[in-house]
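I opened this entry to keep track of what I looked up, one topic at a time.

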Number of protein chains: 2
Amino acid sequence: MVISARAHYSCLALLELARHIDQEGTASDGLVAAGEIRERHEIPGPFLSQILRSLIASGWVESIRGSQGGYRLVVDPQSISLLDIAEAAGCHPSQKRFDETNLASQVLCETWANAAECARAELQRVTLADIVNRCSESEHARLMFYI
Amino acid sequence: MVISARAHYSCLALLELARHIDQEGTASDGLVAAGEIRERHEIPGPFLSQILRSLIASGWVESIRGSQGGYRLVVDPQSISLLDIAEAAGCHPSQKRFDETNLASQVLCETWANAAECARAELQRVTLADIVNRCSESEHARLMFYI
DNA sequence: GTGATACTTGACCAATCCGGTCAGTTTAAT
DNA sequence: ATTAAACTGACCGGATTGGTCAAGTATCAC
């Protein structure tokens, strides 16, 4: 399981949306313009918009068109794991299959699958909310340090 | 960590050499011709020879040139882990680095690294000798079944 | 209603990597 | 000398990835 730039950016975008979802009740109501995400995380513009589309397709994000439009997270950050995001971004869990008619090859494949499963399990354990928390903890620690 | 065909074939070749190393004292003395490996495991000829060269470079295999020549494993199968082989075959442990100036990006990278480390650890635990054993166990079970 | 803003769509592209090939050379046994 | 086998280094085509572009459409502010 190799993490593509697509997957990494997907996470960053969702993270940014998750940060804004707390401020419900405000006028914007968790709405974030693509431009804002792009600036904060330095993601190439057109690429980001392509990614946001796929996040919509996954059902995690909705978009509001027109002036004052933007994107908004529509699911609980705790319900999405990093594995979900990575897989949605095309990080195939099942890597290339080798010939398994041969016994040795078959045994090897099992081992590869085992290892891959370990990584998957680790990513499954971490939710978007976890990352948000870790970020704010780190941020907090940094502020404490400088005061 | 994604397992390339190169890594998979490397393991198969080493496995085949390991199988023959038991028969020391015979005339061939653990020597196996590339052709034999290619036939048994259906690895494209020139590709296999390219792979064998890199196994020599890793210090695991030696070659005897000339007619009646071949390849021979020169290390204890228990001393090589599948991780060693995969990494030698170019399966980079450190995957592509993303920008880490951003805090969120940094936290994500740590998570990716964690997951990768899990897979690595799993492969580290398995040695070439382990695979040889698993194969002969399976083979044995299969024979028992058919008798 | 008109313009500005911002999302949508789908095609497109360049670079890199990977799996695999090839021609020709060198070595050693018989 | 012949033959079998390993060695070398260059080469190549296709797939994937990261990223771009142009044109369109919806909505709000005025």
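**Core**

I started with the largest nonpolar core, which has 86 residues; A:A13, A:L14, B:A13 and B:L14 touch the most other members. I noted before going further that this is a predicted model.

I then took one of these residues, B:L14, and listed its contacts. Leaving aside neighbours within four places in sequence, B:L14 is in contact with B:L55, B:W60, B:L73, B:I85 and B:L128.

Next I looked up B:L52, which lies in helix α3 of chain B. Is B:L52 buried or exposed? B:L52 has 22 other C-beta atoms within 10 Å, so it is buried, the cut-off being 20 or more. With neighbours within four places in sequence again left aside, I found B:L52 in contact with B:A13, B:A34, B:V61 and B:Y71. The name B:A13 was already in my notes, from the residues that touch the most other members of the largest nonpolar core. I also checked B:L52 against B:S63: they are 11 residues apart in sequence, and their C-alpha atoms are 9.0 Å apart in space.

**B:W112**

I found B:W112 in helix α5 of chain B. B:W112 counts as buried because 24 other C-beta atoms lie within 10 Å. From B:W112 to B:L48 I read 33 Å in space, C-alpha to C-alpha, and 64 residues in sequence.

**Contact between the chains**

How many residues does the contact take from chain B and from chain A? I noted 33 residues from chain B and 33 residues from chain A. On the side of chain B that touches chain A, α1 (5-21), α5 (103-125) and α6 (128-146) of chain B each supply at least two residues. Of these, α5(B) gives the most, with 14 residues. I sorted the residues of this side by type and got 20 nonpolar, 8 polar and 5 charged.

I then asked how the two copies are related. The same surface serves both copies, since 100% of the contact residues of chain B recur in chain A.

**Helices α1 and α2 of chain A**

At what angle do the axes of helix α1 (residues 5-21) and helix α2 (residues 34-41) of chain A cross? I have them crossing at roughly 115° and coming within 10 Å. The crossing of α1(A) and α2(A) is right-handed. On α1(A) the contact is made by A:L12, A:A13 and A:E16, and on α2(A) by A:I37, A:R40 and A:H41. I counted these contact residues by type as 3 nonpolar, 1 polar and 2 charged.

**Glu42 in both chains**

I looked at A:E42 for its backbone angle. Phi of A:E42 is near 55°, a positive value in a residue other than glycine. A:E42 sits in the loop between α2 and α3 (45-57) of chain A. A:E42 is partly exposed, because 14 other C-beta atoms lie within 10 Å, between the limits of 12 or fewer for exposed and 20 or more for buried.

I repeated the look-up in chain B. B:E42 has phi near 55°, again positive in a residue other than glycine, and is placed in the loop between α2 (34-41) and α3 (45-57) of chain B.

Methods:
Residues are numbered from 1 along each chain as its sequence is written. Chains are lettered from A and ligands numbered from 1 in the order in which they are written. This is a predicted model: local features need pLDDT of at least 70, side-chain atom pairs count only at pLDDT 80 or more; totals for chains, interfaces and linings use all residues. Two residues are in contact if their C-beta atoms, placed from the backbone, lie within 7 Å. Helices (H or I, at least four residues) and strands (E, at least two) are DSSP runs, numbered from the N terminus. Ala, Val, Leu, Ile, Met, Phe, Trp, Tyr, Cys and Pro count as nonpolar, Asp, Glu, Lys and Arg as charged, and the others, Gly among them, as polar. A nonpolar core is a set of buried Ala, Val, Leu, Ile, Met, Phe, Trp, Tyr and Cys residues joined through C-beta atoms within 7 Å. Axes are lines fitted to C-alpha atoms, for helices over the stretch in contact, and angles run from 0 to 180 degrees between N-to-C directions. A crossing is left-handed if the near helix is turned anticlockwise from the far one by less than a right angle, and right-handed if clockwise.
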